[in-house]
Every structure is written in C-alpha cells, then in structure tokens.
Amino acid sequence: MSNLSIAAYFPFARMKVVRQNAHLGIEHPGTQIRLEPDRRYRPLCRNCGAAGRVHAWGQRRFIRDLNVGPAMTLLDVAYRRVWCSTCRVAKVERLSFADASQRITHRLARYLYELCKVMTVQDVARHMELDPKTVKSVEKHFLQQEFGEADYDGLRVLAIDEIALRKGLNGYMTVVLDYLTGRVVWMGEGRSMETLNAFFAELTAEQKQGIEAVALDMWDPFINRVRHHCPQAKIVFDLFHLVKAFGEVIDEVRREETRQAANREDHCYIKGSRYLLLKNRQNLRADERLRLRALLAVNQRLSSVYVLKDQLKMIYHYRRRGWAKRALDQWCALAADVDHPLMRRFIGRLRRYEYGILNHCEHQIGTSPLEGVNNKIKVIKRKAYGFHDPEYFALKVKQALPGRETTTQSG
C-alpha cells in the first residue's frame, strides 16, 4: 500500500488531514479528504477571535476545494462549537480555510473570481462543474469588497451620460465618469432627476464643491440636478450630441427634397444619400466623394445644410468665449436662411443651451470618452446575455473600467 500523502496540499491552520480517499476513474476522478481540528490548539470564536471552550462537536460534509490535478476535491470537516465568554454565545469555531456556512473553500472562491475576470459566469460554472448561481455569488462578493465602496475624493471634472440596456423607458442606466482618469465613478438605474439625486446624495458638501465642470448632453433632468447640487460647476455640452441632433435636421431636409424632386434624375441623386451627408468628410471613400459633390451641385438646399454641419463643428475650435459667441451668432444667421421648421427649432435649441456650448472654451471636455465606455459596457452585457441584477452589473463595469493612475488638466 502506498504511503504517499497529499496532506501537504492542505496546509490549513489548526486542522490536520486524518484520511484521504481517491477515486481515479477516467470520467469523474475525485478526492475526498477528512479534516479534523488539531487538538494542540484551543478553538477560536468565529466572531471575536477569542479562545473558548468546546461546547459541542459537529461535521460539515462535501465542502468543495481546489481540484487536485483533474480530480474534484471534497472536504469532510469535523468542527467544534465554541462557548465564547466574551460574546456570551456558542458559535462554530473560526476556520482558516472556509466559512462554516459556505460550501466552497476560500482559495477556491478566489480562483473562481480570477477566472471570472477572463471568462463568463456560465463558462466558469461549466468548467468547474458548479452551479452558475454559486459562481455569480462568489464573484459578486469579491467585487463588493474591491469596488463596493465608492471613492468620490478628488473629483473635479465629470462626464454624465446614459446607456440603453433594453427597450423601453425603464431600460436605461446613468453612468458617471471621472473625466480626468476615465474611471466609472457611479452607475444607477434610470435617467431621471431622481437618478442623479441618488448619486449626489452620496457626496459630501466638500466633494460637491470641488466639482469644476460637468460634460452632458442637452438633457434637462440632468442639467437641473447638476445646477441644484453643484451650482459652481460649469456645464459643458458635447459636440457629438450637438452634431447628432443637427443630423436629424439634415435627414429631414433630405427626405423633403426627395419628395419634391423635379425630375427622376434629381430624385435618384438624392435618394439613398443619407450617410453621404451625415458621414465626416474624411471618412468618405473616393467614389462617395464624387457622388456627394454631384449631389451638392444639383441641390442648393442640401448644399447649404451640409456646409452648416461643418461650420457647426468649427464653433468648438475656438478657445476664446467672445470669438465662439461671434461664430455661433453667424451660424444661426446663416441657418435662418434655410426655410424649414426643424431648422428653426434647432436654432432655438442652440440659443437655449448657448451657455453650455460657450463653456467649452474654458473646459475642453465632452461625453465622447463615455461613448467608448458605453461600447465596453455593451460588450460586458452581451457576454453575459444581459444582467438581471443592476448592482452586480455596475460592479462588473467598475472592475472593467478602473481608470488611469495619472490625471491631466481639463483646460
């Protein structure tokens, strides 16, 4: 009979291996280890750690541990209940390798968490032959330890946007980003005033006062709450959302021109040109540039809105507020010549949110970093086939986007 022992693989404090059984079948190899308390040591209270006297004995079977090679390892653990004179109650003794209420050891839990960094919960569960709920519970526990306590110190510049997780009004989550480091600071369900109230409620008065600028899209509930909680902060509206909103004007003008085309040739030129008009000029292929040039040559109205799109972007190139204001006034005057109700509405919108556009001269920020963050968030969601636990989802995002160590100046 072999005298080989695998006790060295179980160096658990105050415990000793008293028996080992190995089943080395090809399909389901397994190892069963019997552990008992080392009687040379007095048992410790699980709550306070004080030494106590043995009150009773118990046994916990089938605690899952790290595999030994390909073999699944199960522990049968004899333990003592301790009468603690400090806590004045009988508790299961403190075990160094597992919690008395859990079915897996600490080191297996850590291994599962490391696997979850590169694999989905379902993949880890299949690989380790565990219930996916167990794997998720383990990962969430470690995520809460590492990312559950939010750090709001040193926040100066924020970017706030929402991401759609599913269809419907309730399918949004609001994302708050530390603009200078790229760290996801906070996530909450919805995109309403109450959502941002929940975020600002977690900040102290000093932390709110330290916020210098906030990049937003032109969403009134967010604007309202930032002004309420951080009246000193400069609100900066993002160029991306501004151009996107003007793209809707261009598209409506294009559809109207298509309907009103004088002949079939003009109709063919205009129809199907949506992305030619909305694409950035530098992203057009050579054949697309030729087609766009021909389109703008035959339709004055589309030519006007296309030029206005490029001039709108130029407003964000100015670094002096007076020059940016002059450029914005000139743009609105030129845009007024395009007789269309959506254009008039867009001009009114620019005038209403003019302050946030001009604030870009002082703080060259926007929500464009959040667009990249949103793409990563969608990948996380897609890998998990959706999340039904918003808290768990937010922790996963914070883990994936911890931010940079160094910061840069905002303006």
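A polar contact is a pair of N or O atoms within 3.5 Å; within protein, one atom must be able to donate a hydrogen and the other to accept it, and residues adjacent in sequence count only if both atoms are side-chain atoms. Aspartate 38 and arginine 40 have side chains joined by such a contact, at 2.7 Å. Please keep in mind that this is a predicted model, where local features need pLDDT of at least 70, side-chain atom pairs count only at pLDDT 80 or more, and totals for chains, interfaces and linings use all residues. Residues are numbered from 1 along each chain as its sequence is written, and side-chain values use heavy atoms, with hydrogens and water left out.

- Look for aspartate 38 in the loop between strand S2 (30–37) and strand S3 (53–68); strands (E, at least two residues) and helices (H or I, at least four) are DSSP runs, numbered from the N terminus.
- Aspartate 38 counts as buried because its relative accessibility is 8%, where buried means under 20% relative accessible area, exposed over 50%, and partly exposed in between (1.4 Å probe, protein chains only).
- Leaving aside residues up to four places away in sequence, aspartate 38 touches Arg14, Met15 and Arg80, a contact being heavy atoms within 4.5 Å.
- Valine 17 is 21 residues from aspartate 38 in sequence, and their C-alpha atoms are 9.3 Å apart in space.

**The salt bridge to arginine 40**

- Arginine 40 also forms a salt bridge with aspartate 38, with the closest N and O atoms 2.7 Å apart; the term means a side-chain nitrogen of Lys or Arg within 4 Å of a carboxyl oxygen of Asp or Glu.
- Arginine 40 is exposed, at a relative accessible area of 66%, whereas aspartate 38 is buried.

**Other salt bridges to find**

- In total, the structure holds 25 salt bridges.
- Glutamate 114 and lysine 117 pair up through their side chains, at 3.3 Å from N to O. Glutamate 114 is partly exposed at 36%, and lysine 117 is partly exposed at 41%.
- Glutamate 162 and arginine 191 form another salt bridge, at 3.7 Å from N to O. This pair links distant parts of the chain, 29 residues apart: glutamate 162 sits in strand S6 (residues 157–164), and arginine 191 in the loop between strand S8 (183–189) and helix H4 (193–200).
- Glutamate 162 is buried at 15% relative accessibility, while arginine 191 is partly exposed at 22%.
- Lys136, Lys140, Asp389 and Glu391 are joined in a salt-bridge network.
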